[in-house]
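Hello,

Please look it over before reading the notes below.

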Amino acid sequence: MGGISIWQLLIVALIVILLFGTKKLRSLGGDLGGAVKGFKNAMTPEDENKSLDDDKKSLEDENKSLEGNDQTAATSQQAAEKQPESKDKQA
């Protein structure tokens, strides 16, 4: 009897989108998400923050080593492709 129906919520959402626009609502959502993330980080104990930072650093190091391996593989592949050309020229 006094509750809000789904249609009333949709009408309110449509009016809010028309008033503010999607870009402003998107930036507002991003700001709100950043504030919640900052609040969660502030609420976790320092020991957990350090372990999370260590995990992030190890993942970054792993990604860098994988990128280095990809570059090495690409260089060796290019060298392998050039070798048959030089053999053809010698013959």
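How far apart do the end C-alpha atoms of residues 6–22 lie, and how much of the span is helix? The distance is 21 Å, with 94% helix and 0% strand. UniProt, in an unreviewed entry, places the feature "transmembrane region" at these residues, 6–22. UniProt positions follow the numbering used here, feature names are shortened, and annotations may be inferred rather than shown by experiment.

Ground rules first. This is a predicted model, numbered from 1 along each chain as its sequence is written; local features need pLDDT of at least 70, side-chain atom pairs count only at pLDDT 80 or more, and totals for chains, interfaces and linings use all residues. Side-chain values use heavy atoms, with hydrogens and water left out.

Confidence: the mean pLDDT (the predictor's confidence in each residue, from 0 to 100) is 75, and 63% of residues reach 70 or more. Helix 1 (residues 6–20) has the highest mean, 92. Helix 3 (residues 46–90) has the lowest, 62. Where pLDDT is low, the predicted coordinates should not be read in detail.

Fold: there are 3 helices and 0 strands, in the order α-α-α. Helices (H or I, at least four residues) and strands (E, at least two) are DSSP runs, numbered from the N terminus.

Helix 1: its 15 residues should span 21 Å, and its end C-alpha atoms are 21 Å apart, which agrees. The expected span is 1.5 Å times one less than the number of residues. Gly21 follows helix 1, with a positive phi near 85°.

Helix 2 (residues 22–43): its 22 residues reach 31 Å from first C-alpha to last, close to the expected 32 Å. The number buried is 0, so helix 2 lies largely in the open.

Buried means under 20% relative accessible area, exposed over 50%, partly exposed in between (1.4 Å probe, protein chains only). Ile4 sits in the segment before helix 1. Its relative accessibility is 62%, so Ile4 counts as exposed.

Best wishes
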